[in-house]
Amino acid sequence: MAALPRGAPLCPSSTCAEGHLLIGVVGSGGLIQLLPDALPVDAGFVDTAHKGRAPEKRFRFASPCQAAGCAQWTGQRCGVIDSVLAVVPLQAEAELPGCSIRGRCRWFAQSGAGACQGCAYVVTDLGTTAAHPALI
Ligand code: SF4
């Protein structure tokens, strides 16, 4: 697993856009399967991915967190993972899943290992996700 360069906190539930990172795939059971390494999203991927259902419903993408620029920001934190953790029962002994962006993940910075247990249940809600600039 390649480490990401240091940088701004990343939203792990971003949009499919050039310059973002592909970090996971929605599995057949609806749970997210994280990729061992984040893959840069290029224009060709964006074109192809938009030919089917909304790519954000089939994949998970990461890009710089927009904080107060996003409808999910509650003033000090991202409300998405707080909402998820309110309904997902946490297991004290659960192992962290392999994740390519943990060192810069907004949700992990907020909620630690619990965020990674709830993360698998999140399919991006396009209605409330901010327009995110490219990572690179
Ligand atoms: S919440 Fe955990 S598993 Fe999900 S993207 Fe962040 S670090 Fe990775």
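Cys119 is buried, at a relative accessible area of 12%, where buried means under 20% by a 1.4 Å probe on protein chains only. The model is a predicted one, with local features needing pLDDT of at least 70, side-chain atom pairs pLDDT 80 or more, and totals for chains, interfaces and linings using all residues. Residues are numbered from 1 along each chain as its sequence is written, and side-chain values use heavy atoms, leaving out hydrogens and water.

| Residue | Relative accessibility |
|---|---|
| Cys105 | 11% |
| Cys119 | 12% |

How many disulfides are there? The count is 0, taking a disulfide as a pair of cysteine sulfur atoms within 2.5 Å.

Both cysteines turn up again around the largest cavity: 14 residues line it, and Leu34, Cys99, Cys105, Cys116 and Cys119 are the closest to its centre. A cavity here is a set of points on a 1 Å grid over the protein atoms alone where a 1.4 Å probe fits but cannot get out, and lining residues have an atom within 4 Å of a point. The largest cavity holds about 90 Å³ of space. Helix 4 (113-119) and helix 3 (106-111) each give at least two lining residues, with helices being DSSP runs of H or I, at least four residues, and strands runs of E, at least two.

Now for the sheet. It's open, with 4 strands in the order 1-4-2-3 and antiparallel pairing; strands pair if DSSP finds at least two bridges between them. Strand 2 (residues 21-26) and strand 4 (residues 59-64) are joined by 4 bridges, and Leu21 stands opposite Ala62 in strand 4.

Notes
Buried < 20%, exposed > 50% of the residue type's maximum accessible area, 1.4 Å probe, protein only. 1 Å grid on protein atoms, 1.4 Å probe; cavity = no way out; pocket = protein on both sides within 12 Å on 5 of 7 lines; lining within 4 Å. Points joined across faces, edges and corners; volume = space filled by probe spheres on them.
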